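I opened the notebook to record what I looked up in this structure, entry by entry.

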Amino acid sequence: MESKTKTNFIVNKENNTLTIKRNFNANRQLVWDCYTKSEYLEKWFAPKPLTAKTKEMDFKVGGHWLYAMIEPNGTEHWGRTDFTEIQPIDYYKSLDGFCDENGKLNPNMPRAKWHVTFKDLNQQSQVETVVTYNSLQDLETVIQMGMEAGLNSTLERLDELLVSLTK
């Protein structure tokens, strides 16, 4: 069955932002949980064929998520998300960047501010993510790395997870 959800991916080079909007066929609480609990994140937060694993997760202001996206050959790509503001099931704000397996940020890679908002849409939920980069060069770096295709694949995995959780 083809998914009726679609990702809107908007690049704004004047403001160095990406805006990603997508509707999901699940209630807002469940979608929130899938974005904020490691047991769910590990099931969807990596583009196919990669998988995700959590080393540390402390979802609170001042806490962080240290995770890896793992290629089929075992190569690990580490990321760190530091939570700066949380309004449960409405939104959270964070800083996201590439790092090593101990959480030390890679200064040669872009770090971005994320503002992830969750809205009720009757039988669906909408997630809008605004990602702000420090410079146009940082924005263009992640675009060239395949951010749009990677996010589309990742959000399709979330669709699949939500279907399995709402059966």
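This is a predicted model: local features need pLDDT of at least 70, side-chain atom pairs count only at pLDDT 80 or more; totals for chains, interfaces and linings use all residues.

**Entry 1, aromatic rings.** I searched the whole structure for aromatic pairs and found 13. Because Tyr92 belongs to strand 6 (residues 91–99) and Phe118 to strand 7 (residues 111–121), the pair ties together parts that are 26 residues apart in sequence. Tyr92 and Phe118 are buried as well. Which aromatic cluster do these rings form? I found that Trp44, Phe45, Tyr92 and Phe118 sit in one cluster that also takes in Trp32, Tyr35, Phe59, Trp65, Tyr67 and Phe83.

**Entry 2, strand 2 and its partners.** I followed strand 2, which runs over residues 17–24, and noted that it is mostly covered, with 6 of its 8 residues buried. Strand 1 (residues 7–12) pairs with strand 2 in the antiparallel sense over 6 bridges, and Asn12 stands opposite Thr17 of strand 2. Strands 1 and 2 form a hairpin with 4 residues between them, and in the turn I noted a positive phi of about 60° at Asn16. Strand 2 also pairs with strand 8 (residues 124–133), again antiparallel, over 8 bridges. On that side the bridge partner of Thr17 is Thr132 in strand 8.

Is Arg22 buried or exposed? I had placed Arg22 in strand 2, and its relative accessibility is 4%, so it counts as buried. I then looked up the polar contacts of the Arg22 side chain, and recorded one of 2.3 Å with the side chain of Thr7 and one of 2.4 Å with the side chain of Asp159.

I noted a volume of about 840 Å³ for the largest pocket. Its lining consists of 40 residues, and those nearest the centre are Phe45, Tyr67, Met69, Phe98 and Met147. The elements that give two or more residues to this lining are strand 2, strand 4 (64–70), strand 5 (76–87), strand 6, strand 7 and strand 8, together with helix 2 (38–44) and helix 4 (147–165). Sorted by class, I have 26 nonpolar, 9 polar and 5 charged residues in the lining. I also noted that Phe45, listed here as nearest the centre, belongs to the aromatic cluster of my first entry.

Where does Ser135 lie? I found Ser135 in the loop between strand 8 and helix 3 (136–144). Its relative accessible area is 24%, so I recorded Ser135 as partly exposed. Last, I compared Ser135 with Asn15: they are 120 residues apart in sequence, and from C-alpha to C-alpha they are 8.6 Å apart in space.

Conventions. Residues are numbered from 1 along each chain as its sequence is written. Side-chain values use heavy atoms; hydrogens and water are left out. Buried means under 20% relative accessible area, exposed over 50%, partly exposed in between (1.4 Å probe, protein chains only). Two strands pair if DSSP finds at least two bridges between them. Rings of Phe, Tyr and Trp (its six-membered ring) pair if their centres lie within 6.5 Å; planes under 30 degrees apart count as stacked, over 60 as edge-to-face and the rest as tilted. On a 1 Å grid over the protein atoms alone, a cavity is a set of points where a 1.4 Å probe fits but cannot get out, and a pocket is an open set with protein on both sides within 12 Å along at least five of seven lines; lining residues have an atom within 4 Å of a point. Grid points are joined across faces, edges and corners, and a volume is the space filled by probe spheres set on the points. Ala, Val, Leu, Ile, Met, Phe, Trp, Tyr, Cys and Pro count as nonpolar, Asp, Glu, Lys and Arg as charged, and the others, Gly among them, as polar. A polar contact is a pair of N or O atoms within 3.5 Å; within protein, one must be able to donate a hydrogen and the other to accept it, and residues adjacent in sequence count only if both atoms are side-chain atoms.
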